[in-house]
Amino acid sequence: MEKRKLRKFKQRNLMKMMQNVLILPIIAILSLTVNADSGAARSRCWTSGNGRPAQWWSEGAEITRGKFFYECRRGQLEPLGCLSNVEQKVRIGSTFQQDGYEFTCQLGSDGYIEFGYSACVGQDGRTYQKGETWTDAKNTYYYRCRDDGRVVKTTIEGCIAHDKQRRVPLGETDDFNGYTYKCQQKTSGVVQMCSVGCIHNGQKYNIGQQYKDGDYVFYCKLQGGKCTKQCIGCVDASGQSIYDGQRYKRDETTYQCEIRPGKRSHRAVGCNIVENGRDINKVIGCRWYEQNPDWKIEKTCETDGPNKTKVTTVGCIYKYKGFDRIFLEPGKYTIWNLPKQKDASVGLACRKTSDGAELLIFDVAELERNTAGLSYDLPRGKK
(Lines give C-alpha, C1' and ligand atoms only; values in the text may rest on other atoms or scores of the structure.)
Protein backbone atom coordinates (compact mmCIF):
# COMPACT_ATOMS: atom_id res chain seq x y z
CA MET A 1 0.00 0.00 0.00
CA GLU A 2 2.74 2.35 0.98
CA LYS A 3 4.69 1.51 -2.16
CA ARG A 4 1.68 2.17 -4.38
CA LYS A 5 1.22 5.71 -2.92
CA LEU A 6 4.91 6.48 -3.38
CA ARG A 7 4.77 5.45 -7.02
CA LYS A 8 1.77 7.66 -7.74
CA PHE A 9 3.50 10.63 -6.11
CA LYS A 10 6.57 10.22 -8.32
CA GLN A 11 4.41 9.99 -11.42
CA ARG A 12 2.62 13.30 -10.59
CA ASN A 13 5.96 15.12 -10.05
CA LEU A 14 7.29 13.78 -13.31
CA MET A 15 4.19 15.05 -15.14
CA LYS A 16 4.61 18.56 -13.69
CA MET A 17 8.27 18.67 -14.70
CA MET A 18 7.41 17.67 -18.25
CA GLN A 19 4.69 20.39 -18.44
CA ASN A 20 7.18 23.04 -17.28
CA VAL A 21 9.66 21.92 -19.89
CA LEU A 22 7.03 22.37 -22.64
CA ILE A 23 5.57 25.72 -21.43
CA LEU A 24 8.85 27.66 -20.98
CA PRO A 25 9.94 27.45 -24.69
CA ILE A 26 6.48 28.53 -25.78
CA ILE A 27 6.63 31.58 -23.47
CA ALA A 28 10.10 32.42 -24.75
CA ILE A 29 8.92 32.19 -28.34
CA LEU A 30 5.89 34.39 -27.62
CA SER A 31 8.12 36.95 -25.84
CA LEU A 32 10.53 37.15 -28.78
CA THR A 33 7.65 37.60 -31.23
CA VAL A 34 6.13 40.48 -29.22
CA ASN A 35 9.53 42.17 -28.88
CA ALA A 36 10.20 41.81 -32.62
CA ASP A 37 6.83 43.31 -33.54
CA SER A 38 7.40 46.21 -31.17
CA GLY A 39 10.85 46.96 -32.67
CA ALA A 40 9.54 46.83 -36.21
CA ALA A 41 6.76 49.26 -35.34
CA ARG A 42 9.25 51.67 -33.81
CA SER A 43 11.40 51.68 -37.02
CA ARG A 44 8.49 52.46 -39.38
CA CYS A 45 7.18 55.95 -40.25
CA TRP A 46 3.55 57.07 -40.34
CA THR A 47 3.02 59.84 -42.90
CA SER A 48 1.52 60.79 -46.24
CA GLY A 49 3.74 61.09 -49.28
CA ASN A 50 4.44 60.06 -52.86
CA GLY A 51 0.90 61.10 -53.70
CA ARG A 52 -0.61 58.70 -51.17
CA PRO A 53 -2.58 59.27 -47.96
CA ALA A 54 -1.01 58.61 -44.54
CA GLN A 55 0.34 55.08 -44.11
CA TRP A 56 3.18 53.13 -42.55
CA TRP A 57 6.47 53.36 -44.42
CA SER A 58 9.28 50.87 -43.94
CA GLU A 59 12.75 51.70 -42.72
CA GLY A 60 14.81 53.18 -45.59
CA ALA A 61 11.79 54.13 -47.71
CA GLU A 62 12.20 57.40 -49.66
CA ILE A 63 9.17 59.67 -49.36
CA THR A 64 8.36 62.84 -51.33
CA ARG A 65 6.25 65.50 -49.64
CA GLY A 66 5.60 68.73 -51.58
CA LYS A 67 8.90 70.14 -52.80
CA PHE A 68 11.08 68.02 -50.51
CA PHE A 69 12.01 64.37 -50.14
CA TYR A 70 12.90 62.34 -47.03
CA GLU A 71 14.02 58.90 -45.85
CA CYS A 72 12.32 56.90 -43.15
CA ARG A 73 14.93 56.24 -40.46
CA ARG A 74 14.10 54.71 -37.08
CA GLY A 75 10.54 55.96 -37.25
CA GLN A 76 11.52 59.54 -38.21
CA LEU A 77 11.54 61.41 -41.54
CA GLU A 78 15.09 62.44 -42.23
CA PRO A 79 15.33 65.28 -44.87
CA LEU A 80 17.39 64.36 -47.92
CA GLY A 81 16.86 67.20 -50.40
CA CYS A 82 14.64 69.41 -52.53
CA LEU A 83 12.76 69.01 -55.78
CA SER A 84 13.11 71.50 -58.65
CA ASN A 85 10.23 72.57 -60.87
CA VAL A 86 11.12 69.75 -63.23
CA GLU A 87 11.14 67.23 -60.34
CA GLN A 88 14.92 67.02 -60.29
CA LYS A 89 16.15 65.79 -56.91
CA VAL A 90 18.76 68.04 -55.33
CA ARG A 91 20.56 66.85 -52.24
CA ILE A 92 20.98 69.09 -49.21
CA GLY A 93 23.97 71.36 -49.74
CA SER A 94 23.71 71.22 -53.53
CA THR A 95 22.60 74.05 -55.86
CA PHE A 96 20.33 74.22 -58.89
CA GLN A 97 19.02 76.87 -61.29
CA GLN A 98 15.35 77.73 -61.56
CA ASP A 99 13.26 80.74 -62.69
CA GLY A 100 16.31 82.94 -63.26
CA TYR A 101 17.95 82.23 -59.89
CA GLU A 102 20.39 79.82 -58.32
CA PHE A 103 19.03 78.04 -55.24
CA THR A 104 20.75 76.05 -52.50
CA CYS A 105 18.86 73.20 -50.90
CA GLN A 106 19.59 73.67 -47.20
CA LEU A 107 18.47 73.16 -43.61
CA GLY A 108 17.21 76.32 -41.99
CA SER A 109 18.07 77.49 -38.52
CA ASP A 110 14.87 75.81 -37.29
CA GLY A 111 16.02 72.47 -38.65
CA TYR A 112 13.52 72.38 -41.46
CA ILE A 113 14.57 71.92 -45.06
CA GLU A 114 14.20 75.00 -47.32
CA PHE A 115 15.21 76.68 -50.57
CA GLY A 116 17.89 79.33 -50.14
CA TYR A 117 18.56 81.99 -52.84
CA SER A 118 22.29 81.99 -53.57
CA ALA A 119 22.74 83.90 -56.87
CA CYS A 120 21.04 85.38 -59.93
CA VAL A 121 21.18 83.65 -63.29
CA GLY A 122 21.49 85.47 -66.64
CA GLN A 123 19.83 84.44 -69.88
CA ASP A 124 23.01 82.64 -70.87
CA GLY A 125 22.89 80.50 -67.72
CA ARG A 126 25.80 82.27 -66.06
CA THR A 127 25.45 82.98 -62.32
CA TYR A 128 25.98 86.41 -60.77
CA GLN A 129 26.58 87.13 -57.13
CA LYS A 130 25.05 89.93 -55.08
CA GLY A 131 26.10 93.32 -56.49
CA GLU A 132 27.26 92.03 -59.87
CA THR A 133 25.85 93.43 -63.13
CA TRP A 134 25.43 92.06 -66.66
CA THR A 135 23.78 92.98 -69.96
CA ASP A 136 21.03 91.30 -71.95
CA ALA A 137 21.85 89.27 -75.05
CA LYS A 138 21.32 92.25 -77.38
CA ASN A 139 23.31 94.65 -75.19
CA THR A 140 20.44 97.13 -74.88
CA TYR A 141 20.00 97.25 -71.09
CA TYR A 142 21.70 95.85 -67.98
CA TYR A 143 20.76 94.00 -64.78
CA ARG A 144 22.01 93.91 -61.20
CA CYS A 145 21.77 91.06 -58.70
CA ARG A 146 20.47 92.75 -55.53
CA ASP A 147 20.29 91.58 -51.94
CA ASP A 148 16.64 91.67 -50.89
CA GLY A 149 16.55 90.34 -47.36
CA ARG A 150 16.52 86.56 -47.33
CA VAL A 151 16.46 86.40 -51.12
CA VAL A 152 18.31 87.89 -54.08
CA LYS A 153 16.48 89.78 -56.79
CA THR A 154 17.33 90.48 -60.43
CA THR A 155 16.53 94.11 -61.29
CA ILE A 156 16.92 96.09 -64.51
CA GLU A 157 19.23 98.94 -63.60
CA GLY A 158 19.45 100.91 -66.84
CA CYS A 159 20.14 101.07 -70.56
CA ILE A 160 23.17 100.70 -72.77
CA ALA A 161 23.94 103.94 -74.64
CA HIS A 162 23.81 104.06 -78.43
CA ASP A 163 27.58 103.73 -78.64
CA LYS A 164 27.16 100.31 -76.94
CA GLN A 165 29.86 101.27 -74.46
CA ARG A 166 28.38 103.41 -71.68
CA ARG A 167 25.66 102.51 -69.20
CA VAL A 168 22.80 104.92 -68.51
CA PRO A 169 20.87 104.33 -65.24
CA LEU A 170 17.06 104.33 -65.34
CA GLY A 171 15.69 107.88 -65.39
CA GLU A 172 18.92 109.48 -66.63
CA THR A 173 19.65 110.96 -70.06
CA ASP A 174 22.35 110.63 -72.68
CA ASP A 175 23.13 112.79 -75.74
CA PHE A 176 23.85 111.11 -79.05
CA ASN A 177 24.03 112.30 -82.64
CA GLY A 178 22.01 115.51 -82.20
CA TYR A 179 19.33 114.12 -79.88
CA THR A 180 18.74 113.55 -76.16
CA TYR A 181 17.64 110.11 -75.00
CA LYS A 182 16.29 109.01 -71.62
CA CYS A 183 16.47 105.51 -70.19
CA GLN A 184 12.84 104.66 -69.41
CA GLN A 185 10.80 101.64 -68.40
CA LYS A 186 7.44 101.56 -70.17
CA THR A 187 4.19 100.28 -68.69
CA SER A 188 4.72 97.06 -70.63
CA GLY A 189 7.95 96.54 -68.69
CA VAL A 190 10.21 97.15 -71.69
CA VAL A 191 13.31 99.22 -70.88
CA GLN A 192 14.90 101.29 -73.64
CA MET A 193 16.45 104.60 -74.60
CA CYS A 194 13.61 106.95 -75.61
CA SER A 195 13.93 110.22 -77.54
CA VAL A 196 13.07 113.18 -75.31
CA GLY A 197 14.70 116.15 -77.02
CA CYS A 198 16.82 117.67 -79.77
CA ILE A 199 20.25 119.29 -79.76
CA HIS A 200 21.35 122.09 -82.08
CA ASN A 201 24.72 123.80 -81.86
CA GLY A 202 25.13 122.45 -78.34
CA GLN A 203 21.79 123.84 -77.17
CA LYS A 204 19.15 121.39 -75.94
CA TYR A 205 15.49 121.69 -76.86
CA ASN A 206 12.60 119.76 -75.37
CA ILE A 207 9.83 118.24 -77.45
CA GLY A 208 7.64 121.09 -78.69
CA GLN A 209 10.31 123.78 -78.54
CA GLN A 210 11.38 125.81 -81.59
CA TYR A 211 14.77 127.13 -82.63
CA LYS A 212 16.31 129.01 -85.55
CA ASP A 213 18.96 127.67 -87.86
CA GLY A 214 20.08 130.19 -90.45
CA ASP A 215 17.10 131.30 -92.55
CA TYR A 216 14.70 128.72 -91.14
CA VAL A 217 12.73 127.81 -88.01
CA PHE A 218 12.78 124.23 -86.73
CA TYR A 219 10.59 122.33 -84.30
CA CYS A 220 11.60 119.43 -82.05
CA LYS A 221 8.78 116.96 -82.70
CA LEU A 222 8.05 113.48 -81.37
CA GLN A 223 6.99 111.34 -84.31
CA GLY A 224 6.57 107.59 -84.27
CA GLY A 225 8.24 107.37 -80.88
CA LYS A 226 11.34 109.25 -82.04
CA CYS A 227 12.33 112.90 -81.96
CA THR A 228 12.77 114.64 -85.29
CA LYS A 229 13.87 118.11 -86.30
CA GLN A 230 11.19 119.49 -88.58
CA CYS A 231 11.37 122.74 -90.49
CA ILE A 232 8.17 124.70 -89.85
CA GLY A 233 9.02 128.25 -90.84
CA CYS A 234 11.43 130.92 -92.04
CA VAL A 235 13.42 133.76 -90.54
CA ASP A 236 12.51 137.09 -92.16
CA ALA A 237 14.76 140.06 -92.87
CA SER A 238 14.27 141.40 -89.34
CA GLY A 239 15.14 138.08 -87.71
CA GLN A 240 11.55 137.27 -86.77
CA SER A 241 9.96 133.85 -87.20
CA ILE A 242 7.30 133.49 -89.87
CA TYR A 243 5.52 130.38 -91.07
CA ASP A 244 4.38 128.66 -94.23
CA GLY A 245 2.53 131.08 -96.53
CA GLN A 246 3.53 134.24 -94.69
CA ARG A 247 5.37 137.01 -96.54
CA TYR A 248 7.99 139.64 -95.85
CA LYS A 249 10.08 142.11 -97.82
CA ARG A 250 13.82 142.29 -98.27
CA ASP A 251 15.15 145.21 -100.28
CA GLU A 252 12.39 145.74 -102.89
CA THR A 253 11.44 142.07 -103.23
CA THR A 254 8.53 140.35 -101.50
CA TYR A 255 9.30 136.80 -100.35
CA GLN A 256 6.96 134.04 -99.26
CA CYS A 257 7.95 131.33 -96.78
CA GLU A 258 7.20 127.95 -98.32
CA ILE A 259 7.58 124.72 -96.36
CA ARG A 260 6.90 121.48 -98.18
CA PRO A 261 7.79 117.83 -97.42
CA GLY A 262 11.47 117.54 -98.21
CA LYS A 263 11.67 121.11 -99.49
CA ARG A 264 11.80 124.64 -98.06
CA SER A 265 12.41 128.04 -99.58
CA HIS A 266 12.12 131.82 -99.39
CA ARG A 267 10.44 132.28 -102.75
CA ALA A 268 10.32 135.67 -104.49
CA VAL A 269 6.64 136.29 -105.26
CA GLY A 270 6.34 140.02 -105.84
CA CYS A 271 7.61 143.57 -105.69
CA ASN A 272 7.26 145.84 -102.72
CA ILE A 273 6.31 149.42 -103.60
CA VAL A 274 5.20 152.47 -101.65
CA GLU A 275 1.78 153.71 -102.67
CA ASN A 276 0.11 156.63 -100.92
CA GLY A 277 2.60 156.29 -98.09
CA ARG A 278 1.92 152.58 -97.58
CA ASP A 279 3.93 149.49 -98.42
CA ILE A 280 2.08 147.57 -101.10
CA ASN A 281 2.96 144.16 -102.53
CA LYS A 282 2.58 143.65 -106.26
CA VAL A 283 2.76 140.02 -107.34
CA ILE A 284 4.90 138.97 -110.28
CA GLY A 285 3.07 139.74 -113.53
CA CYS A 286 0.84 142.35 -111.97
CA ARG A 287 0.50 145.72 -113.85
CA TRP A 288 -0.47 149.06 -112.37
CA TYR A 289 -0.46 152.75 -113.23
CA GLU A 290 0.97 155.94 -111.82
CA GLN A 291 -1.02 158.76 -113.36
CA ASN A 292 -2.13 162.39 -113.50
CA PRO A 293 -4.90 164.02 -115.58
CA ASP A 294 -2.89 164.06 -118.86
CA TRP A 295 -0.84 160.88 -118.79
CA LYS A 296 -0.02 157.73 -116.87
CA ILE A 297 2.96 155.44 -116.46
CA GLU A 298 2.38 151.69 -116.73
CA LYS A 299 4.56 149.48 -114.55
CA THR A 300 4.88 145.75 -113.87
CA CYS A 301 6.62 143.38 -111.43
CA GLU A 302 8.90 140.79 -112.97
CA THR A 303 11.67 138.42 -111.92
CA ASP A 304 15.24 139.64 -111.75
CA GLY A 305 17.60 136.69 -111.62
CA PRO A 306 17.11 133.40 -109.73
CA ASN A 307 15.17 134.69 -106.72
CA LYS A 308 14.65 138.43 -106.92
CA THR A 309 12.15 140.78 -108.50
CA LYS A 310 12.18 144.27 -109.92
CA VAL A 311 9.70 146.94 -110.97
CA THR A 312 9.85 147.58 -114.70
CA THR A 313 8.27 150.52 -116.54
CA VAL A 314 6.26 149.18 -119.44
CA GLY A 315 5.63 152.56 -121.04
CA CYS A 316 4.01 156.00 -121.02
CA ILE A 317 0.36 156.56 -122.04
CA TYR A 318 -0.92 159.90 -123.27
CA LYS A 319 -4.53 160.68 -122.38
CA TYR A 320 -6.61 162.90 -124.60
CA LYS A 321 -10.02 164.03 -123.50
CA GLY A 322 -10.13 161.29 -120.86
CA PHE A 323 -9.11 158.42 -123.14
CA ASP A 324 -5.84 156.55 -123.52
CA ARG A 325 -4.63 157.47 -127.01
CA ILE A 326 -0.87 157.13 -127.47
CA PHE A 327 1.51 154.53 -126.01
CA LEU A 328 5.28 154.99 -125.94
CA GLU A 329 7.94 152.68 -124.63
CA PRO A 330 10.61 154.27 -122.41
CA GLY A 331 13.28 156.01 -124.53
CA LYS A 332 10.86 156.72 -127.44
CA TYR A 333 9.18 159.87 -128.75
CA THR A 334 6.54 160.64 -131.39
CA ILE A 335 4.57 163.40 -133.08
CA TRP A 336 0.82 163.02 -132.93
CA ASN A 337 -1.66 165.00 -134.98
CA LEU A 338 -4.55 166.01 -132.85
CA PRO A 339 -7.85 164.63 -134.15
CA LYS A 340 -10.23 167.06 -135.90
CA GLN A 341 -7.72 169.89 -135.62
CA LYS A 342 -6.13 170.92 -138.91
CA ASP A 343 -2.40 171.39 -138.78
CA ALA A 344 -2.43 170.85 -134.99
CA SER A 345 0.05 168.38 -133.51
CA VAL A 346 1.78 167.62 -130.21
CA GLY A 347 5.12 166.18 -129.30
CA LEU A 348 5.28 163.27 -126.83
CA ALA A 349 8.40 161.75 -125.22
CA CYS A 350 8.64 158.87 -122.72
CA ARG A 351 11.87 159.60 -120.89
CA LYS A 352 13.44 157.25 -118.35
CA THR A 353 13.91 158.45 -114.77
CA SER A 354 15.52 157.00 -111.67
CA ASP A 355 12.23 155.55 -110.51
CA GLY A 356 10.72 154.61 -113.88
CA ALA A 357 9.75 157.10 -116.56
CA GLU A 358 7.88 160.32 -117.25
CA LEU A 359 5.87 161.59 -120.21
CA LEU A 360 6.86 164.94 -121.69
CA ILE A 361 4.21 166.84 -123.68
CA PHE A 362 5.73 169.61 -125.77
CA ASP A 363 5.28 171.85 -128.79
CA VAL A 364 6.79 170.33 -131.90
CA ALA A 365 8.82 173.54 -132.29
CA GLU A 366 10.83 172.32 -129.28
CA LEU A 367 11.32 168.85 -130.75
CA GLU A 368 15.10 168.84 -130.76
CA ARG A 369 15.43 170.04 -127.19
CA ASN A 370 12.97 167.49 -125.82
CA THR A 371 14.00 164.41 -127.78
CA ALA A 372 17.76 164.36 -127.39
CA GLY A 373 18.92 160.77 -126.84
CA LEU A 374 15.51 159.32 -127.73
CA SER A 375 14.44 157.30 -130.76
CA TYR A 376 11.37 157.99 -132.87
CA ASP A 377 8.34 155.69 -132.87
CA LEU A 378 5.19 155.89 -134.90
CA PRO A 379 2.23 157.03 -132.85
CA ARG A 380 0.15 154.08 -131.79
CA GLY A 381 -2.28 153.03 -129.14
CA LYS A 382 -1.71 150.47 -126.40
CA LYS A 383 -1.80 146.91 -127.74
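This report covers the disulfides, cores, strand pairings and selected residues of a predicted model.

## Disulfides

The count of disulfides comes to eight. Three of them are set out here, with the values for each link.

| Cysteine pair | S to S distance | Angle about the S-S bond |
|---|---|---|
| Cysteine 45 and cysteine 72 | 2.0 Å | 95 degrees, right-handed |
| Cysteine 82 and cysteine 105 | 1.9 Å | 85 degrees, right-handed |
| Cysteine 316 and cysteine 350 | 2.0 Å | 65 degrees, right-handed |

Cysteine 45 has a relative accessible area of 2% and is buried. For cysteine 72 the relative accessible area is 0%, and this residue is buried too.

The link of cysteine 82 and cysteine 105 also joins distant parts of the chain. Here cysteine 82 belongs to strand β5 (residues 76–83) and cysteine 105 to strand β8, 23 residues apart. Cysteine 82 and cysteine 105 are buried.

Some cysteines need a separate word. Cysteine 194 is in no disulfide. The nearest cysteine sulfur belongs to cysteine 159 and is 7.4 Å away. At 10% relative accessibility, cysteine 194 is classed as buried. What keeps cysteine 231 from bonding to cysteine 234? The sulfur of cysteine 234 is the closest cysteine sulfur, but at 6.3 Å it is too far for a bond. Cysteine 231 is buried, with a relative accessible area of 17%.

## Around cysteine 72

Leaving out residues up to four places away in sequence, cysteine 72 touches Ser43, Arg44, Cys45, Trp57, Ser58, Glu59, Gly60, Ala61 and Ile63. Glutamate 59 is 13 residues from cysteine 72 in sequence. In space, their C-alpha atoms are 5.2 Å apart.

## Nonpolar cores

In soluble globular proteins, nonpolar side chains tend to be buried together. The largest nonpolar core holds 27 residues. Ile113, Cys120, Trp134, Cys183 and Met193 touch the most other members. Several strands each supply at least two residues of this core, among them β4 (68–73), β8 (101–107), β9 (113–121) and β17 (191–200). A second, separate core has 15 residues, including Leu338, Leu348, Cys350 and Leu359.

Which residues surround tryptophan 134? Setting aside neighbours within four places in sequence, tryptophan 134 is in contact with Cys120, Gly122, Tyr128, Tyr141, Tyr142, Tyr143, Arg144, Cys145, Thr154 and Arg167.

Strand β24 (residues 253–260) and strand β25 (residues 263–275) pair antiparallel over eight bridges. Arginine 260 has lysine 263 in β25 as its bridge partner. Two residues lie between the strands of this hairpin, and glycine 262 takes a positive phi near 75 degrees.

β25 pairs again, with strand β26 (residues 278–283), in the antiparallel sense over six bridges. Valine 274 stands opposite aspartate 279 in β26. This hairpin also has two residues between the strands, and asparagine 276 takes a positive phi near 55 degrees.

Elsewhere, an open sheet of four strands has the order β19-β20-β21-β22, with antiparallel pairing. β19 (210–213) and β22 (241–243) are the edges, each with a single partner strand, so one side of each is left without a neighbour in the sheet. From one strand to the next, the twist averages 50 degrees. Strand β21 (residues 226–235) and β22 run antiparallel and are joined by three bridges. Within that pairing, glycine 233 has tyrosine 243 as its bridge partner in β22.

## Threonine 309

Threonine 309 is part of strand β29 (residues 309–320). Is this residue buried or exposed? Its relative accessibility is 5%, so threonine 309 counts as buried. The threonine 309 side chain reaches the backbone oxygen of glycine 270 at 2.8 Å. Apart from neighbours within four places in sequence, the contacts of threonine 309 include Glu252, Thr253, Thr254, Ala268, Gly270, Cys271 and Ile284. Cys301, Glu302, Thr303 and Asp304 are also among them.

How values were computed: Residues numbered from 1 in each chain as written. Predicted model: local features only at pLDDT ≥ 70, side-chain atom pairs only at ≥ 80, totals over all residues. Heavy atoms only, no water. Core = buried A, V, L, I, M, F, W, Y, C linked by side-chain atoms within 4.5 Å. Buried < 20%, exposed > 50% of the residue type's maximum accessible area, 1.4 Å probe, protein only. Contact = heavy atoms within 4.5 Å. Polar contact = N/O pair within 3.5 Å; in protein donor to acceptor, adjacent residues only side chain to side chain. Pairing = 2+ DSSP bridges. Axes fitted to C-alpha atoms, helices over the stretch in contact; angles between N-to-C directions. Disulfide = S-S within 2.5 Å.
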